Amino acid sequence: MIVAHLSLHDFRNYESAELALSAGPNVLVGSNGQGKTNLVEAIGYLATLGSHRVSGDAALIRAGRDTAIVRARLQHAGREMLLEAQLNRSGANRAQVNRAQAKPRDLPRHIASVLFAPEDLALVRGEPSGRRRFLDQLLVQLSPRLAGVLADYDRVLRQRNSLLKSARAARVSESQLSTLEIWDERLVEFGSEIIGARHDLVARLRPHVAEAYERIAGPDHAAELALQLSILGVQPEEDGAQAPTLAEDVAPADTVTAFRAALANVRRAELDRGITLVGPHRDDLHLVLNALPARGYASHGESWSFALALKLASAALLRAESPIGDPVVVLDDVFAELDESRRAQLAHAVGDYEQVIITAAVLEDVPSELTGRTVRIVAGRIAEDGQ
Amino acid sequence: MYEGIVQELIDEFGRLPGIGPKSAQRIAFHILTTQSFDTTRLAELLAEVRERVRFCSICGNVAEQDTCSICRDPRRSQTVICVVEEAKDVAAIERTREFRGLYHVLGGALSPMDGVGPDNLRFTQLVQRLADATVTEVIIATNPNVTGEATATYLTRLLDQPGLRVTRLASGLPVGGDLEYADEVTLGRAFEGRRTVEA
């Protein structure tokens, strides 16, 4: 699938922009702060209903405006499709598919993109929440139904935390606390489904990650990943300085039983602290490089390569499993960070995707095999380069 | 912003559920400028509604007497009770004209975030209604969302007693709709709840 045309209205710094894109590599060149990333952010928005840079939508709407519009014309297998997202400062966002009213959450079904940006270094070095978001976003792209399960889990979690908090404040009657079991049951139901789905995803991702890492960094490097489950007693946020041993990649034959047991175990502590201590919201994706945890041991370059390998692996997985063909691969400002040989490896690794969009401040940073079509961006204006 | 009382009126309408600032403004100006609009009648109704309306002492539905018209109706089956969250759910089910039993309005769903626990809902009254074993089936018709499902689970445990059948409304495809337009969750539920078709 490719994005053949992108139009923006009042999105970020663009009052209005029209950008034609072609299959194969496209390079957006411009100095810093001209709006290159805003263009690829818009594509990412349609694919994930979020931005890789900010958590709310408000920052995406041009200052002083109430509504931003992102429209994309897609091509896949000889068919065209028109997607539109309308972001509203107040009130719900709207969406259109082929000019017919649709729900925003229908958009990601038609467009897949994998975006790699400098912020992704946090996948390796940052908090577990970033890695959970990475997994969940990919899950939803592969199986849209799971968006509902994740949202329901989150609702149950907030209800349960409220109950625990009020229990702690002793504002709560005996009978009200008895409903904790009810919420436990729902937490286990949705939580087990998420754990199962993530576990499955990690298993499918693993060979792709190992392969992608080797491609970037050369052989004799082993990149491994494993899901660390808080219901099995692994508390990633509390392991501190001590290097965690590589968690057995256990998918408990019966996640539900393990989850229930874990809840029973931490009941006292949960009542003391007023929060839910085990469940997929406390799990982590453990990244291991040559038998050492990447977080804390990997060098800057290695961390970069690992983050990149995770993104390339998700692109490979989407390509293999998604009904809409290749995802649009977006490399946002990444070549400047890589040395000559890694640039060439990366160019090689993404070269055969249906569409690749690259942003760069300096065209010379981009390997020549990817500079087919170049577009210059100056102060929110798009100028074709005619190459 | 308008001056004084007009803005106050708009703000007050805007506090009502389902009414945004623009609708609030439109209603306020309609009242202000339409001569035929009887403001006294509306004011009277607003003043009286809380005085006159009571909640049925048996089922919790809105009523003008001590009990509601459904609980007073001898033609209705006394052996089935349908449990709903709000009185407006009674109206929704009544529109179907399919259900001829009695109702029980809980007054909401379990939601710790809103401070709603079992003590705030009419569970005890429900258990009392079941005491004399006239009722043989309880249909749980709480909403198919997180709080409604939690309430249903709570009820299932609460009502676990011999001789009482507890059922839950089915979830599935909307009638007259197209399969292709159903969202994945609904379609998934419909798959789970599929039935054998008799030849």
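The C-alpha centres of domain 1 and domain 2 of chain B lie 33 Å apart; domain bounds come from an automatic or database domain assignment. This is a predicted model, in which local features need pLDDT of at least 70, side-chain atom pairs count only at pLDDT 80 or more, and totals for chains, interfaces and linings use all residues. Residues are numbered from 1 along each chain as its sequence is written, chains are lettered from A and ligands numbered from 1 in the order in which they are written, and side-chain values use heavy atoms, without hydrogens and water.

**Domains**
- In chain B, domain 1 covers 4-52 and domain 2 covers 54-168.
- In chain A, domain 1 is made of 1-112 + 322-387, and domain 2 is 123-319.
- The C-alpha centres of these two domains of chain A are 29 Å apart.
- Contact (heavy atoms within 4.5 Å) links 21 residues of domain 1 of chain A with 18 residues of domain 2 of chain A.

**Fold and dimensions of chain B**
- Chain B has eight helices and six strands. Helices (H or I, at least four residues) and strands (E, at least two) are DSSP runs, numbered from the N terminus.
- Their order along the sequence is α-α-α-β-β-α-β-α-β-α-β-α-β-α.
- The radius of gyration of chain B is 21 Å, whereas a compact globule of 199 residues would have one near 16 Å. The radius is taken over C-alpha atoms, and the globule rule is 2.2 Å times the number of residues to the power 0.38.
- Along the principal axes, the C-alpha atoms of chain B fill a box of roughly 65 × 45 × 35 Å.
- Take the contacts in chain B between residues at least 6 apart in sequence: 47% join residues at least 24 apart.

**Surface and charge of chain B**
- Of its 199 residues, 35% count as buried. Buried means under 20% relative accessible area, exposed over 50%, and partly exposed in between (1.4 Å probe, protein chains only).
- Chain B exposes about 13200 Å², with 54% supplied by carbon and sulfur atoms. The areas come from the Shrake-Rupley method with a 1.4 Å probe.
- The mean positions of its 22 positive and 28 negative charges are 4 Å apart. Lys and Arg count as positive, Asp and Glu as negative; His and the chain ends are not counted. Charges are placed at NZ of Lys, CZ of Arg, CG of Asp or CD of Glu.

**B:Leu173**
- B:Leu173 sits in the loop between β6 (165-168) and α8 (184-192) of chain B.
- B:Leu173 is partly exposed, at 38% relative accessible area.
- Beyond its neighbours within four places in sequence, B:Leu173 contacts B:Leu179, B:Ala182, B:Thr186, B:Leu187 and B:Ala190.
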